[in-house]
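User: I would like to go through this model with you. Could we begin with the overall fold and then turn to the aromatic residues and the packing?

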Amino acid sequence: MTGKGIALWNEIVPREIRAHYLAHHAAYQRIQIISSGDPVPWELLVPQDTAPGSAQSEPLGFWGDIAELRHWFPGTLPASRLDVRRAVVLTARDAPPLAEAEAKGVADLLGRAGVQVERVDDISALFEVLDAGETNLLHIACHGAHTVDSGDSFLKINNVPFRPNDLLPSRGRFSRTPLTVFLNACRTEVVRPSYLRLDGWAARFRDVGADVFIGTLWEVGDHAAKDFALAFYRELVRETGGLDSALKAGRHAARAVGNDPTWLAYSVYAGAYPKIRVPIPQPTEPTP
């Protein structure tokens, strides 16, 4: 995978930008990528100067590991502050045990932090949530993602296909409500991962009104996906937590599973400095 990442770096990134980044990479901790469509797996690129005699002859590592990459779309600006007071957690009724354990763990972490959490388990309930346009966070723990040969990405929830274009009727529903979406698509025993055309999901949720979208570039291992999600929210609900620290905690947890590239799969669509804040429960004043 490292060799492929180096090849992509040399093929995709213009030479002048490669040279500048390699000379100043320590100064770039966060990178914003603006693109209307993103077939490029930027997180997997490995910066390296392959010129003979180069001082930077060793690969720096996967870009998604050495820098905080952000994706977004031209012509729009996401909200910079997202207060999470209401959340919806979706997992299918026929999902494997680890998907249910992930959903329960996420709901428990958010609930203990003072967030009003609703659990749903089918597509119709999801669309009711989207039509209402009132939640601040949507977490989808979905096992069994598929991509057909035409490149049409879809998920299966209770054996019902769910495609990006199914979100079209919900366009603009969250134009006045800050929304974060976390789409955690995974399978057990992933041998040959199916790529999810993540830019399609991100674009459609952006049309719905999402200001932050977190998803996976491919179907990921279910153990690592659960560990990523729980570590992410455990850090997010801390009083000093935030998106950057939550993502780092999630990737660290997924990487610890071992022999699983899940930690590299997570991609983030957001502004450069999004601030996600979970309310800290306040003590109830006694009634006089």
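**Fold, rings and cores**

Analyst: Among contacts (heavy atoms within 4.5 Å) in the protein between residues at least 6 apart in sequence, 79% join residues at least 24 apart. This is a predicted model, in which local features need pLDDT of at least 70 and side-chain atom pairs count only at pLDDT 80 or more, while totals for chains, interfaces and linings use all residues. Residues are numbered from 1 along each chain as its sequence is written, and side-chain values use heavy atoms, with hydrogens and water left out.

User: How many helices and strands are there in the protein?

Analyst: The protein has nine helices and 14 strands. These are DSSP runs, numbered from the N terminus: H or I of at least four residues for helices, E of at least two for strands.

User: What share of the residues is buried?

Analyst: Of the 288 residues, 51% are buried, meaning under 20% relative accessible area with a 1.4 Å probe and protein chains only; exposed means over 50%, and partly exposed lies in between. The accessible surface comes to about 13,900 Å², and carbon and sulfur atoms account for 50% of that; the areas come from the Shrake-Rupley method with a 1.4 Å probe, and for residues only the protein chains shown count as cover.

User: On to the rings. How many aromatic pairs does the structure hold?

Analyst: It holds 20 aromatic pairs. Rings of Phe, Tyr and Trp (its six-membered ring) pair if their centres lie within 6.5 Å; planes under 30 degrees apart count as stacked, over 60 as edge-to-face and the rest as tilted. The pair of W9 and W63 is edge-to-face, because the ring centres are 5.4 Å apart and the planes stand at 85°.

User: Where do W9 and W63 lie?

Analyst: W9 belongs to helix α1 (residues 2-12) and W63 to helix α3 (residues 63-66), so the pair ties together parts that are 54 residues apart in sequence. Both W9 and W63 are buried.

User: And F182 with Y266, what sort of pair is that?

Analyst: F182 and Y266 are also edge-to-face, at 6.1 Å centre to centre with 80° between the planes. This pair links distant parts of the chain, with F182 in strand β10 (residues 180-187) and Y266 in strand β13 (residues 266-269), 84 residues apart. F182 counts as buried at 1% relative accessibility, and Y266 is buried at 0%.

User: Which charged end sits over the ring of F73?

Analyst: That of R206, 4.4 Å from the ring centre. The criterion is NZ of Lys or CZ of Arg within 6 Å of the ring centre and within 35 degrees of the ring normal. F73 also belongs to a cluster linked by ring pairs, including W72, F127 and Y269.

User: Changing topic: which residues have the most contacts inside the largest nonpolar core?

Analyst: They are L110, I214, F232, Y233 and L243, in a core of 44 residues. A nonpolar core is a set of buried Ala, Val, Leu, Ile, Met, Phe, Trp, Tyr and Cys residues joined through side-chain atoms within 4.5 Å. Helix α7 (222-236) gives the most to this core, with eight residues.

User: Back to α1. Which of its residues are buried?

Analyst: G5, I6, L8 and W9 are the buried residues of α1. They fall within an arc of 160° seen down the axis, so they line one face of the helix; the arc is that of the directions from the helix axis to the C-beta atoms. The exposed residues K4 and E11 are on the face turned away from the buried side.
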